[in-house]
Amino acid sequence: MDNLLEVRDVHTFIGQFHILQGVTVNVPKGAITALLGRNGAGKTTTLKTILGLTPPRQGQVVLDGQEIQGRRTFDISAMGIGFVPDYRAIFRDLTVAENLQIAERKKGDLARRQELIFGLFPDLQRLIKLRGTQLSGGQQQMLAIARALVADNKLLLIDEPTEGLAPVIIEQMMAAILKLSADTTVLLVEQNFAVASQLAKHYVIIEEGRSVQRGAMPDLLKDEETIHRYLGAA
Amino acid sequence: MTTIIDTIRKNRTQAVTLAALIVLFLLAIQGMETGDWIITVLRGLSVAAVTFLVASGFSLIFGLMDVLNLAHGTLFMIGAYVGWTAYVRPDTLLDLATPAALFFAGLLLLPLWDHLLSRVRLSHRAGRVLPWVVIVLGLAVLAFGFARYPTTGWDVSVYDKSPVVFGVQLDLGQLDLPKPTTADGGQLVLSMLSLLMGGGLLALGLAVFAMRNRGAMAAAARLPWRAVMIALVLVIIGIGFFLLNDALTAGLVQAGTTWRFLLAVVVATLVGAGLGALMESTLIRPLYARPIYQLMLTLGLGVIGREVVIALWGRTQMQMPKPALFNTVGKGCPAQTIFDAFANQCSTINFMGSRIRTYNEIFIFVIGVLVLVVVWFLLQRTRIGMIIRAGVQDHEMVEALGINVRQVFTFVFALGVGLAALGGVLAGPSMGVSDDMGESLLLSALIALAIGGLTSFPGAAAGSLLVGLLQQFIVKYGQIGIALPFLAQPFKPTPPLVPASTLLLMVIILLVMPNGLFGRKE
């Protein structure tokens, strides 16, 4: 299998706390991989470790055959990784347009991707002049994903895209993520197992800072015991 | 109409505060004659402009990097001293241009070293010791080179040759620069080479440092030609400055005080920006995760900076005469209109029965407004401004978008300190140049920021305005007295009440609006 990203047995410390104690994640090209696990298992830290926001102390992170651990975050991101954090991180004082412009890595990125972005999220076009503070939670989530699409990214790291959203919006968001995954590989953190199981082709389960199980999503769906043990959902 | 009412209703506290301030202002001008309050307002605006230059830089730095730069007052003062040197002693400034250019040319070899060292791996122990050895060696070579380079300065310990005297001379129009120092060819070449080499060694030390921290990495494919080319150009510029030294000095003396003042403003601002960039990239950067150490560091740097200034320029307050453009008395002066003032280069204008000083009350304020507009434009309309505004909120996310936030930090630090240094050189002619000029101003700036909201740029402007106006009104009432109903004699505020009154205003505003006028609720 052709992996776009390989996280190999990484250990990450935050302060003195040993948060990740051996996480291995393979993200195959051209599909959605879901990181599953309970609250506090280390899913968000895994994403931050990939990006170098919390650099790993041990282990490798390999993007497209190139080791990227230890590089600075902006450098890693510029190699083609888009990040949608769980807290969305919309810039409050910037307008929607500026929130998109700031993600340009080359001049004209936004113009080139405009069609794709407004095709996925038509609402954003209407809101373009509003400031970040004036958006609803769902609109902020759309903008956060749109922002990650402005530059030419090979891989998107999306953290909890449906958290706190109304069911109607969740459906919209799922449709958008499915659509964008046609040309971009996605590593998705999702608490809502129903959502994750519909979107992802592959899964990795993280439990107490270790990756404990991985495989294809259809196999997991048949394995009720695992679902119950690690995810607490039926 | 309804929208206006809505806005007021939503921002009720702001509206009430604003109304209260306007009422206070109207009450304050009641007790004065028209001419008096106009001059007081103008002086307030001028003080506000200088305060704003310090406060805005401080607030930009604090907003983006959470660094409370307690050295900001000292850097303001250094701006004044550097400006004074360019203004009063252009010969010394030009003498320093060559060593500076050569030093920076050496420092610019950093990318070259980075490239050459990228395949080398150091053992742990060598990595601990080597960079320090190289850096200390570099500093020694620099000192060796600089001591042998011929510079014409002053002598703090001999009154006749002290900076104070040159200030007075210029004020009297009898500036008498000392004879330039010379050195023979061998010494000269040796010193120039040492300066270049010292810079190069320093860069090498830094490169080894960086290498130790990141380990060996794949090298960039090509040599960093651009940096090497710029270094070469700098060497040529340095030699050019040396060859043209006498001609340039004569030219600057001939050019007169107005042009030299312009030069002083540019040089002081650039030196300030350079100092800021240097401070951030070497001293502050390792301490971002440790706020207390940072505080101690900037506090210490402030004290050290002041002692260095005293050692170099002496303890006595120096005069910085106003540039010719604002310094003519008689011959159509005081002018009746602002155009006449410019045409005759008047020092004062008659306006509504009071004399307004063109430099203190008009020029400084105009520059303050100009800086406000330029920085506002930079923040709101440029990409770097957009990145700064975003970074103030969440610099991790900005970095995760592929933007090198570290460079932006250095830029903002340079900008903030550059603004303070600009404030210093502008304040030189009106306040005098002394080593304690920064401290009271930093206090005023901090009060202004607390009033306006610590990280808000409009807040810095509004806070500075309030502080400046209040200070000057109290000063004026100290002269004419306030008639209070329950006192037989008019009450005359004493000078210590000037800073106290601004603190009082701050306390009141913070009680009503804990985040300041423009602060954001967290």
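Analyst: Two strands count as paired if DSSP finds at least two bridges between them. The model is predicted. Strands of a sheet pair through backbone hydrogen bonds, either parallel or antiparallel.

Start with the six-strand sheet of chain A. This sheet is open, and its strands follow the order β6-β7-β8-β3-β9-β10. Its pairing is mixed. β6 (81-84) and β10 (210-216) of chain A are the edge strands, and each pairs on one side only. On average, neighbouring strands here are turned by 15° against each other, direction ignored.

α1(A) lies across β3 (32-36), β6, β7, β8 (185-189) and β9 (202-207) of chain A. Its direction makes about 150° with that of β7(A).

Now the four-strand sheet of chain A. This sheet is open as well, with antiparallel pairing and the order β2-β1-β4-β5. β2 (17-28) and β5 (66-67) of chain A each have a single partner strand, so one side of each has no neighbour in the sheet.

Take the pairs in that order. β1(A) and β2(A) are antiparallel and joined by nine bridges. Within this pair, A:Val10 is bridged to A:Val23 of β2(A). The hairpin of β1(A) and β2(A) has two residues between the strands. In that hairpin A:Gly15 has a positive phi near 60°.

β1(A) also pairs with β4(A), again antiparallel, through five bridges. Here A:Val7 faces A:Val61 in β4(A). Then β4 (residues 58-63) of chain A pairs with β5(A), antiparallel, over two bridges. In this pair A:Val62 stands opposite A:Glu67 of β5(A). Helix α1 (residues 43-51) of chain A packs on the four-strand sheet. This helix touches β1 (3-14), β2 and β4 of chain A, and its direction lies at about 75° to that of β2(A).

Where does chain A touch chain B? The contact draws 20 residues from chain A and 17 residues from chain B. On the chain A side, α2 (73-78) and α3 (96-101) each give at least two residues. The largest share, four residues, is from α2(A). By class, that side has 12 nonpolar, four polar and four charged residues.

β1 (residues 348-351) and β2 (residues 354-357) of chain B run antiparallel and are joined by four bridges. B:Phe351 faces B:Ser354 in β2(B). Two residues sit between the strands of this hairpin, and B:Met352 takes a positive phi near 50°.

The helices of chain B come next. Two packed helices are described by the angle between their axes and the distance between the axes. For helix α5 (residues 90-107) and helix α11 (residues 245-255) of chain B, the axes come within 9 Å and cross at roughly 145°. The crossing of α5(B) and α11(B) is right-handed. On α5(B), the contact uses B:Pro90, B:Asp91, B:Leu94 and B:Asp95. On α11(B), it uses B:Asn245, B:Leu248, B:Thr249, B:Leu252 and B:Val253. By class, these residues are five nonpolar, two polar and two charged.

B:Ala97 also belongs to helix α5 of chain B. B:Ala97 is partly exposed, because it has 18 C-beta neighbours inside 10 Å. B:Ala97 and B:Asn245 are 148 residues apart along the chain, yet their C-alpha atoms are separated by 9.3 Å.

Helix α20 (residues 457-480) of chain B has 24 residues, which should span 34 Å at 1.5 Å a residue. The end C-alpha atoms of α20(B) are 35 Å apart, in agreement. α20(B) is mostly covered, with 19 of its 24 residues buried. Just after α20(B), B:Gly481 has a positive phi of about 80°.

B:Thr337 is in the loop between α13 (291-313) and α14 (338-343) of chain B. B:Thr337 counts as exposed because it has 11 C-beta neighbours inside 10 Å. From B:Leu193 it is 144 residues away in sequence and 56 Å away in space, C-alpha to C-alpha.

Key
Residues are numbered from 1 along each chain as its sequence is written. Chains are lettered from A and ligands numbered from 1 in the order in which they are written. This is a predicted model: local features need pLDDT of at least 70, side-chain atom pairs count only at pLDDT 80 or more; totals for chains, interfaces and linings use all residues. Two residues are in contact if their C-beta atoms, placed from the backbone, lie within 7 Å. Ala, Val, Leu, Ile, Met, Phe, Trp, Tyr, Cys and Pro count as nonpolar, Asp, Glu, Lys and Arg as charged, and the others, Gly among them, as polar. A residue is buried if 20 or more other C-beta atoms lie within 10 Å of its own, exposed if 12 or fewer, and partly exposed in between; C-beta atoms are placed from the backbone. Axes are lines fitted to C-alpha atoms, for helices over the stretch in contact, and angles run from 0 to 180 degrees between N-to-C directions. A crossing is left-handed if the near helix is turned anticlockwise from the far one by less than a right angle, and right-handed if clockwise. The expected span of a helix is 1.5 Å times one less than its number of residues.
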